[in-house]
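Subject: Structure handover

Hello,

Please find the sequence and the structure below. My notes on what turned up follow directly after.

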Amino acid sequence: RRPLLSVSGLVRPGSTPTIQLRHAPGGTFAFLMVADAPADGPSAVLPGVYDYVSLPSLILTYATTGASGQPGAGSVDVPVAIPATAAGADLFFEFLVFDGAVPGLLTHSNGCELLVGQ
């Protein structure tokens, strides 16, 4: 199974939605990539990875929950406080997850677009 990325909660200024990663390997590292433009194609740099974000402007590292190496047991929750100045912003997210069981050692989540309301 591939890790699944989603967003829960209200996505508008003054709220704090949560970016969620589910079904990742347990006890490993996950890299949240944030960009202002989408991509849609195989990575030119990382074999076996599909790019859903274009040139990330921010990469954040998290540890997944669960027992180390346990398939599908890992998750990450990232609360994001949205300031008033972010109204109308359009951001794109994707997780890369270290997975020793796959060729290339990285797997990826789906992409997710976050359009901040007014």
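Ser-43 is buried, because its relative accessible area is 15% and the cut-off for buried is under 20%. This serine belongs to the loop that links strand 4 (38-42) with strand 5 (50-53). The side chain of Ser-43 has two backbone nitrogens within reach of its polar atoms: that of Val-45, at 3.1 Å, and that of Leu-46, at 2.9 Å. Please keep in mind throughout that this is a predicted model.

Next, the backbone angles. In general, most residues other than glycine have a negative phi. Two residues are worth a look here. His-23 is not a glycine, yet its phi is positive, about 65°. His-23 sits in strand 2, and its relative accessibility is 28%, so this histidine counts as partly exposed. Leu-105 is likewise not a glycine and has a positive phi of about 65°. Leu-105 lies in a loop, the one between strand 8 (90-98) and strand 9 (106-108). With a relative accessibility of 41%, Leu-105 is also partly exposed, since that class runs between 20% and 50%.

Strand 2, which holds His-23, leads on to the sheet. Three strands make up an open sheet, ordered 1-2-7, and their pairing is antiparallel. Strand 1 (4-8) and strand 7 (74-79) are the edge strands, each with a pairing on one side only. On average, neighbouring strands in this sheet are turned by 15° against each other, with direction ignored. Strand 2 covers residues 18-24 and is joined to strand 7 by five bridges, the two running antiparallel. As one point of reference along this pair, Ile-19 stands opposite Val-78 of strand 7.

Last, the pockets. What is the volume of the largest pocket? The volume comes to about 230 Å³. Its lining consists of 18 residues, and those nearest the centre of the pocket are Pro-25, Gly-69, Pro-71, Asp-99 and Ala-101. By residue class, the lining of the largest pocket splits into nine polar, seven nonpolar and two charged residues.

If you open the model, I would begin with the side chain of Ser-43 and its contacts to the backbone nitrogens of Val-45 and Leu-46. After that, the positive phi values at His-23 and Leu-105 can be viewed one after the other.

Regards

How values were computed
Residues are numbered from 1 along each chain as its sequence is written. This is a predicted model: local features need pLDDT of at least 70, side-chain atom pairs count only at pLDDT 80 or more; totals for chains, interfaces and linings use all residues. Side-chain values use heavy atoms; hydrogens and water are left out. On a 1 Å grid over the protein atoms alone, a cavity is a set of points where a 1.4 Å probe fits but cannot get out, and a pocket is an open set with protein on both sides within 12 Å along at least five of seven lines; lining residues have an atom within 4 Å of a point. Grid points are joined across faces, edges and corners, and a volume is the space filled by probe spheres set on the points. Ala, Val, Leu, Ile, Met, Phe, Trp, Tyr, Cys and Pro count as nonpolar, Asp, Glu, Lys and Arg as charged, and the others, Gly among them, as polar. Two strands pair if DSSP finds at least two bridges between them. Helices (H or I, at least four residues) and strands (E, at least two) are DSSP runs, numbered from the N terminus. Axes are lines fitted to C-alpha atoms, for helices over the stretch in contact, and angles run from 0 to 180 degrees between N-to-C directions. Buried means under 20% relative accessible area, exposed over 50%, partly exposed in between (1.4 Å probe, protein chains only). A polar contact is a pair of N or O atoms within 3.5 Å; within protein, one must be able to donate a hydrogen and the other to accept it, and residues adjacent in sequence count only if both atoms are side-chain atoms.
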